[in-house]
Amino acid sequence: MAETAAASTPTVRTYRFKVRGECYPWLNAAAIEVNQVWNWANETSYKAARPFFGPPSFLSGFDLCNLSSGATEHFEHIGADTIQKVCCEFAIRRRQFQKAKLRWRVSRGSRRSLGWIPFKAASLRRNGHSLRFCGKSFRVFERPRFVEIKRFRDGSFSQDSVGDWWLNLPVEAQAETNPAPKPEVGVDLGLRDTAVTSDGERLEAGRSFRSLEPQISEAQRRGHKRKAKRLHRTAARRRADALHKFSRRLIDRYQFIVVGNVRSLPLIKTRLAKAVLDTGWGILRTQLQYKGQQAGRRVLVVDEWNTSRACSACRALTGPAGVNGLRVRLWVCAACGIAQDRDVNAAKNILAAGRCAPSVSGNEPSRRSARRSRAPRPREAGNTRSDAAA
Ligand SMILES: [Zn+2]
C-alpha cells in the first residue's frame with residue numbers, strides 16, 4: 001500500500017435522535033425502574049463491602065450482574081440487558097469516584113435524577129423505520145439520518161432538563177488525519193473574548209446566556225418553569241455551537257495547540273460568576289483534546305501563571321496585574337518599548353510555555369501548587385534535633 005499523508009484513526013461518534021412524544025410515558029416509567037436497580041446496586045455493594053475484619057472489598061460489575069439474575073420478572077419495562085448495564089455502570093462510577101456509596105437516583109420531586117435507560121446493542125431492533133426495544137415500538141425524528149446508520153454499539157435513552165427524551169447511538173467511524181497547514185498556536189482563555197489565539201484570532205464571548213437573560217427572568221417571574229428551562233437549553237446549545245465551530249477551526253489549522261489551564265471554579269463565587277459560566281472554558285479545552293486526539297494533533301494544557309504580566313518579546317514582568325489591571329487591554333512594555341495587546345501577548349506566552357514544557361501529559365503539579373506544598377527535606381545521618389540543640 002502506498003504511503004500517503006492522510007491516515008485514519010478509529011473513533012466513536014455518538015448520534016443523538018429526539019424520541020417522539022408518544023413514547024415519553026413509557027420511558028418515564030422505565031427510568032423509574034432503572035433508578036430502582038441503581039439504588040439496589042448501591043445498597044448491595046455498600047453492605048457487601050463491610051467484612052468483619054480486613055479492608056473493604058467492593059463488588060465488581062460482574063458480581064452485581066450475577067446477584068441480579070432473575071430480577072427481570074419483577075420489572076415491567078426493562079430487561080436483563082438494561083439491568084446488567086446499570087450494574088456495570090454503577091461499579092465503574094463507584095470506583096471512579098472512590099466512594100463507598102454513591103448518591104441515590106431519585107425518581108420524583110425537585111431533586112429527581114434525569115432519566116437514563118442504558119441498553120445493549122443487540123436488544124434494540126430496527127423494524128423498518130421504527131425501533132423495537134423491550135416489546136415497545138419507538139419512533140424518532142430525523143428518520144433519513146437514522147436509516148443511514150448501519151451498525152451501532154451499546155447506547156442509551158436519556159432525558160434532558162426540559163423533559164425531552166433522546167436516543168444516543170455510538171457509532172464506530174474512521175477519522176481522517178491530515179497534517180495541519182500551520183505548525184503551532186497558543187490560546188488564551190478570557191472573559192471579554194472567550195478565546196484569543198497567538199495569531200490574533202478571537203472567539204467573541206457569545207453572551208449566549210446574557211442575551212436570553214431578560215426572557216428567562218420574565219418566564220421565571222411568571223412561573224413558566226418549562227419555558228425558562230427551554231430558554232436555558234437554547235443558551236447552552238448556542239454556547240456549544242460557537243465552541244464547536246471554533247475548536248474545529250483550530251484543529252483543522254494547527255498541528256500543536258497550547259491552552260492555558262484557567263479554572264472557572266474559583267471565579268464562580270465572585271461577581272464574575274455569570275460571565276464565567278457563560279464562557280465554557282472547560283468545554284472548549286475538552287473539545288480541543290478529544291478532537292485533537294482524533295485528528296492526530298498535539299494538544300497541551302499549561303499553567304498560565306504570569307502569562308498576561310510578562311512581555312512576550314523580552315520576558316520582563318511589565319504588564320498589567322491584579323483585578324485593576326483587567327481593564328488594560330493595550331500596554332507598552334517599559335523594558336523593550338513594544339506595544340502589546342493584552343490577550344494576544346498572553347496567548348504568545350502560553351505558546352512559549354508549551355514549547356518548553358517537560359512532558360506531553362500535563363500531569364505534573366502546576367508551579368503554583370508546587371510552591372505551596374512543602375516536601376520534607378532529606379536529613380543527613382546524625383543531624384537530628386537533639387544534635388542541633390547540643
Ligand atoms: Zn518587553
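Trainee: α5 passes α6 in a left-handed crossing. What makes a crossing left-handed or right-handed?

Mentor: The near helix must be turned anticlockwise from the far one by less than a right angle for a left-handed crossing, and clockwise for a right-handed one. As for the source, this is a predicted model, in which local features need pLDDT of at least 70 and side-chain atom pairs count only at pLDDT 80 or more, whereas totals for chains, interfaces and linings use all residues. Residues are numbered from 1 along each chain as its sequence is written, and side-chain values use heavy atoms, with hydrogens and water left out.

Trainee: Why are α5 and α6 called roughly antiparallel?

Mentor: The axes of α5 (residues 213-221) and α6 (residues 225-253) cross at roughly 160° and come within 8 Å. These axes are lines fitted to C-alpha atoms, for helices over the stretch in contact, and angles between N-to-C directions run from 0 to 180 degrees. Angles under 35 degrees count as roughly parallel, over 145 as roughly antiparallel, 65 to 115 as roughly perpendicular and the rest as oblique. α5 and α6 are therefore roughly antiparallel. Gln215, Ile216, Ala219 and Gln220 of α5 make the contact (heavy atoms within 4.5 Å) with Lys227, Ala228, Leu231 and His232 of α6.

Trainee: How do you know whether α1 and α3 are parallel or oblique to each other?

Mentor: Helix α1 (residues 24-48) and α3 pack at an angle of about 45°, with their axes 9 Å apart, and the pair is therefore oblique. α1 passes α3 in a right-handed crossing. Residues of α1 including Trp38 and Trp40 meet residues of α3, among them Phe90 and Arg93.

Trainee: What is counted as a helix or a strand here?

Mentor: Both are DSSP runs, numbered from the N terminus: helices are H or I over at least four residues, and strands are E over at least two. The protein has 11 helices and 14 strands.

Trainee: What makes the arrangement around the zinc ion tetrahedral?

Mentor: Its protein donors are the SG atoms of Cys311, Cys314, Cys333 and Cys336, lying 2.2 to 2.3 Å from the ion. Donors are N, O and S atoms within 2.8 Å of the metal (3.2 Å for Na, K and Ca), and because water is not among the atoms, sites may look incomplete. Four donors count as tetrahedral if all angles lie between 85 and 135 degrees. The 4 donor atoms here subtend angles of 106 to 112°, so the arrangement is tetrahedral. The ideal angle for four tetrahedral donors is 109.5 degrees.

Trainee: How are the donor residues spaced in sequence?

Mentor: The spacing is C-x2-C-x18-C-x2-C. Cys314 lies in the loop between β12 (298-302) and β13 (330-332), and Cys333 in the loop between β13 and β14 (339-341), so the pair ties together parts that are 19 residues apart in sequence.

Trainee: Why does Cys314 count as partly exposed?

Mentor: Buried means under 20% relative accessible area and exposed over 50%, with partly exposed in between (1.4 Å probe, protein chains only). Cys314, at 33%, therefore counts as partly exposed, whereas Cys333, at 2%, is buried.

Trainee: What makes Gln98 exposed?

Mentor: Its relative accessibility is 72%, so Gln98 counts as exposed. Gln98 is placed in the loop between α3 (80-97) and β2 (116-119), and its phi is near 50°, a positive value in a residue other than glycine. Most residues other than glycine have a negative phi.

Note on methods: Tetrahedral: all angles 85-135°; square planar, octahedral: opposite > 155°, others 65-115°.
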